[in-house]
Amino acid sequence: MKTKISWKKLYSLWAKEYDSWPSVRGVIDKKGILKLIGKIKRKEVLDLGCGTGKWSTILAKKGANVTAVDNSKEMLNVLKKKIKLENLKINTLKKDISKLKLNKKFDIIIMGLVMDNIKNLNGIFKVVRNHLKKEGIFLMSDPVYFSGIKKPMTKEITILENKYRITLYIHPEQEIKDLAKKYNLDVLKINKLKVDKSVKHIFDKKPHKSFSDYKGRHVLTIYKFKIK
Ligand SMILES: C[S@@+](CC[C@H](N)C(=O)[O-])C[C@H]1O[C@@H](n2cnc3c(N)ncnc32)[C@H](O)[C@@H]1O
């Protein structure tokens, strides 16, 4: 029997292992966002849904002042260990990113691989609009499962020998364009990224998945916005 699981519960079970899993979308996300992000040094950065801090640590090491927000205590604990170990300047906050209210504005807001966890993105766009500096940018990446699907879908996962069902929220491009318009943001870029040879090593380690079957498949969309 497969039990339904919430994202929050899932991350609490996943947190300690999360960084050890080779992730195709994780590698593609890194490459794609770094291409669009511009200058990082001394920038004020807000990392929404920071998780174990993939973006927070990269950007702090490049000289940004990072505020990292997540609502999973377990994921944040992994990040806090890295901060201590590597003596990084990252301010962590345990909060819901859809309702965030900080008395501060940022040069860069980033939200990597979080959109499929969130059903209604209105709160996120409102938070971004309220926390972005006039010349700032917002970058967000959307994991794409099967192009063309427009409704939430369920994925089956196995954790600690138990089988669970999780809901993935699908956000079509038109929904994002409509949200940008509603919250007065300009869409500067929509980059559709595909499986390429930079992730072949990950497929080579998965016996049931062959690189040649996935090569060229659209797996991630990165959006870049600024204030109108
Ligand atoms: C797939 S992980 C991505 C982590 C990181 N951004 C990365 O690129 O590796 C998604 C993260 O979003 C967080 N998250 C999802 N919904 C959230 C919400 N409403 N408020 C705060 N964090 C949230 C989860 O706890 C999780 O750590």
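This is a predicted model: local features need pLDDT of at least 70, side-chain atom pairs count only at pLDDT 80 or more; totals for chains, interfaces and linings use all residues.
So, how many nonpolar, polar and charged residues does the shell around the ligand have? There are 9 nonpolar, 7 polar and 3 charged ones.

Residues are numbered from 1 along each chain as its sequence is written.

Okay, back to the ligand. It has 19 residues around it, and the closest are Gly49, Gly51, Asn71, Ser72 and Gly112. Being near here means that the C-beta atom, placed from the backbone, lies within 6 Å of the molecule. The elements giving two or more residues to that shell are α1 (7-18) and α3 (54-61). Helices (H or I, at least four residues) and strands (E, at least two) are DSSP runs, numbered from the N terminus.

Let's stay with α3. Of its 8 residues, 6 are buried, namely Lys54, Trp55, Ser56, Thr57, Leu59 and Ala60. Buried means 20 or more other C-beta atoms within 10 Å of the residue's own; exposed means 12 or fewer, partly exposed is in between, and C-beta atoms are placed from the backbone. What do the buried residues of α3 pack against? They pack against α2 (24-37), β2 (44-48), β3, α4, β4 and β5 (106-112), with contact meaning C-beta atoms, placed from the backbone, within 7 Å. After α3 comes Gly63, with a positive phi near 100°.

Now β3 (residues 65-70) and β4 (residues 90-94). They run parallel and are joined by 5 bridges; strands pair if DSSP finds at least two bridges between them. From β3 the chain goes through helix α4 (residues 73-86) to β4, a right-handed β-α-β crossover. Right-handed means that, with the strands pointing away from the viewer, the path from the first strand over the helix to the second runs clockwise.

In the loop between α4 and β4 sits Asn87. Asn87 isn't a glycine, yet its phi is positive, about 50°. Why is Asn87 called exposed? Because it has 7 other C-beta atoms within 10 Å.

Asn184, in the loop between α6 (173-182) and β9 (185-194), also isn't a glycine and has a positive phi of about 60°. Asn184 counts as exposed too, with 11 C-beta neighbours inside 10 Å.

How values were computed:
Ala, Val, Leu, Ile, Met, Phe, Trp, Tyr, Cys and Pro count as nonpolar, Asp, Glu, Lys and Arg as charged, and the others, Gly among them, as polar. Two residues are in contact if their C-beta atoms, placed from the backbone, lie within 7 Å.
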